[in-house]
Amino acid sequence: MNNLVIFTAFLDNSFAVKDSLKDCDFVICTDGGYDIALAYSVEPDLLMGDFDSVTSALPEDVEILRFPPEKDHTDLELALMKAGELNAKNVTVIGGIGGRLDHTVANIQLLTAYADRFDSLILKDGKNTCFIIDGNNNSNMHIPASDNCYISIFSLSEQCDILSFSGVKYPLENYVLTRDFPIGVSNEFKEKEAALCIKSGTLLVVISEK
């Protein structure tokens, strides 16, 4: 399976959801993510979760996997596990940013934990796109410029050794980005793409509309 999309709760900003579903092979909705899918007339292939936050009536013609509210894994992590079982290559998570801060932090942690299990793993809403670059297995990346957007980078590891960050207003060369100094926030695209090359560490990339 090439492309899988997960709808999860908390989508504060509307955007062209249909664009994220191009060439999509499978759609999973977790709990309140089903409300979001319905709002965009998206029919899921699978529903998962404890369903403590969904407001819509659940369909009878879609497979449902129920889990108890008291569990070790969040609904999104259960969906990512399922995506792995389905051998998905590219996973896009719609929602999960905004709403409850604890859920947003948890979802960013899940990006870190599962980034190396897929060819790509992206978390996005109407204003933000987030993904991980791991210096151990995906140290070079070219990021197409997005109009009217900031590009920010944050070290999720103790430090991240950046060999180069170019194509942006504030480039970096042989720079050690640390977890406790957010110098990488609110950079801007200056070329058709930004190029990142890191030697070690785990980097969070966030592209946000201005």
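A: Two strands are said to pair if DSSP finds at least two bridges between them, where strands (E, at least two residues) and helices (H or I, at least four residues) are DSSP runs numbered from the N terminus. This is a predicted model, in which local features need pLDDT of at least 70 and side-chain atom pairs count only at pLDDT 80 or more, while totals for chains, interfaces and linings use all residues. Residues are numbered from 1 along each chain as its sequence is written, and side-chain values use heavy atoms, with hydrogens and water left out.

The strand to look at is β14, which covers residues 202-209. Of its 8 residues, 7 are buried, a word that stands for under 20% relative accessible area, with exposed meaning over 50% and partly exposed in between (1.4 Å probe, protein chains only). Strand β7 (residues 128-134) pairs with β14 in the antiparallel sense over 7 bridges, and within this pairing cysteine 130 has valine 206 of β14 as its bridge partner. Strand β9 (residues 149-155) also runs antiparallel to β14 and is joined to it by 7 bridges, with isoleucine 151 facing isoleucine 207 of β14 as bridge partner.

Turning to side chains, lysine 210 lies over the face of tyrosine 150, at 5.3 Å from the ring centre; a charge sits over a ring if NZ of Lys or CZ of Arg is within 6 Å of the ring centre and within 35 degrees of the ring normal.

The whole structure holds 7 salt bridges, each being a side-chain nitrogen of Lys or Arg within 4 Å of a carboxyl oxygen of Asp or Glu. One of them joins glutamate 158 to arginine 179, with the closest N and O atoms 2.5 Å apart. Glutamate 158 lies in the loop between β9 and β10 (159-166) and arginine 179 in the loop between β11 (172-178) and β12 (187-188), so this pair ties together parts that are 21 residues apart in sequence. Glutamate 158 is exposed, at a relative accessible area of 56%.

Salt bridges that share partners also join Asp50, Lys71 and Asp75 into one network. Aspartate 50 counts as buried at 14% relative accessibility, as does aspartate 75 at 12%, whereas lysine 71 counts as partly exposed at 26%.
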